[in-house]
Protein chains: 2
Amino acid sequence: MLKNIKLTVAYDGTNYHGFQEQRGTGLITIQEVLESTLSRLARKRIQVIGAGRTDAGVHAQGQVVNFRSENWPVPTAKIHLAMNSLLPDDVAILKAEEVESEFHARFSAKAKTYRYSIYHHPVMSPLHRLYYYHEPRKLDIDIMKKAAALLLGTHDFKCFQSQGATVKDTIRTIYRAEITYEPPILLLELKGNGFLYNMVRIITGTLCNIGLGRTTWQQMEEIIKSKNRALAGVTAPPHGLSLKEVEY
Amino acid sequence: MLKNIKLTVAYDGTNYHGFQEQRGTGLITIQEVLESTLSRLARKRIQVIGAGRTDAGVHAQGQVVNFRSENWPVPTAKIHLAMNSLLPDDVAILKAEEVESEFHARFSAKAKTYRYSIYHHPVMSPLHRLYYYHEPRKLDIDIMKKAAALLLGTHDFKCFQSQGATVKDTIRTIYRAEITYEPPILLLELKGNGFLYNMVRIITGTLCNIGLGRTTWQQMEEIIKSKNRALAGVTAPPHGLSLKEVEY
């Protein structure tokens, strides 16, 4: 019988070249680690489909993948134990569920939530350095919140897509754009029906520009309308980003 | 003029063999990293005195050290910047202050606060693995809080000292023993006038035994009275421990 299994996966992306398999490059990716572990358990080649192709250095608290297999040998309730005993410490299976055959981790996803974490303090904390971007300069958080609210809704977000991306349809819907600040921890959470290449990191760079007073919060609207990548901020570094949740 | 400078230091202890210098062993310690950085700035040998000799793998959010120097060349307000530009990412100077000549980081300390961090969930989070001890089994937190309250006050804590320690006077005063739990994060904070070798880690192991139901909370009193290390729990691993604050 063909089973379709959905896995919820957390990982520390520090030592990986992103999620997606990069054949022949010799670079280790999350997808390869998951596939080699599943293939060991199944004693045959298993391929996974990931909900989000996180970049090199990006983390996940709730990435979702699925795989299909005939005669899959491990009971669903035991899959996380079997896999976690084989996986390296920086990748963990949080949950395994059997799903209907049509379920596709990427195409069935209704919404994704990304979190960008900033350590907002003059001196970086060594205990946060792997998972937080360090912003030592003074940010006006209230102004950043006003700008973030302008991201809500359905827009053409071409201005927040890295050059060279091949996606044609750059219209996306943002359901939630929330900034919370408990000094020195500044968190930006974005929930949307999809995200363009580097979109969260470029939005973070743009919001930081606004927080620093280089751009006004009202200009967020003009930047979006311009569809011009050059008007948005720099791409914030990958280690502050985490794929928090995928909803179906 | 002789200056006496107090530094507040944070570090990720993962890659260090503890705080204290270990001459001739080739092992890198926090003390050596601080001294070599200060010596570069002073262009002569500087030695530091640390408030707490944290073990290999133990972290700090608020370790305190002091050093004395004639003709020290860096203005006090700039010391943290000068040092942080030279230090590795996993060690940071949070604050530098000039103090009176009698100030001694270890002997002048009135109280120290240690935090032990536990990730209490069936599956370990890869994003917490470096700074949290993983306890996948069910702990009864309320019972642990009752047991922790029995640590308060002045007691002979010999039962919580690792074998082989040379300290004769094992009487210490615990001012605060607080357990907070926001699932899955369980934090134990202990503030005392001093701590024996491995004391916080052995207390953590003992409290986990109580939380697991292997020992009753009332037995905490008997364990302390017994002065018998064998009745206390195992020494919890170093990576969950952090020196949070030293008060003077």
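**Notes on chain A**

1. Let's start with what the record says. An unreviewed UniProt entry carries the annotation "domain: Pseudouridine synthase I TruA alpha/beta", and places it on residues 9-107 and 147-248 of chain A. Keep in mind that what you're looking at is a predicted model.

2. Here's how those two annotated stretches look. Residues 9-107 of chain A are 21% helix and 26% strand, with 17 Å between the end C-alpha atoms. For residues 147-248 of chain A, the figures are 24% helix and 30% strand, and the end C-alpha atoms sit 28 Å apart.

3. Now the whole chain. If you count elements, chain A has ten strands and five helices. As for overall dimensions, the C-alpha trace of chain A spans about 60 × 40 × 35 Å along its principal axes.

4. On to packing. Buried residues make up 54% of the 248 in chain A. Take the contacts in chain A between residues at least 6 apart in sequence: 71% of them join residues at least 24 apart.

5. Last, the charges. Chain A carries 31 positive side chains and 24 negative ones. The centres of these two sets are 2 Å apart.

Conventions
Residues numbered from 1 in each chain as written. Chains lettered and ligands numbered in written order. Predicted model: local features only at pLDDT ≥ 70, side-chain atom pairs only at ≥ 80, totals over all residues. Heavy atoms only, no water. UniProt positions renumbered as here; feature names shortened; annotations may be inferred. Helix = DSSP H or I, 4+ residues; strand = E, 2+ residues; numbered from the N terminus. Buried < 20%, exposed > 50% of the residue type's maximum accessible area, 1.4 Å probe, protein only. Contact = heavy atoms within 4.5 Å. Lys, Arg positive; Asp, Glu negative; His and termini not counted. Charge placed at Lys NZ, Arg CZ, Asp CG, Glu CD.
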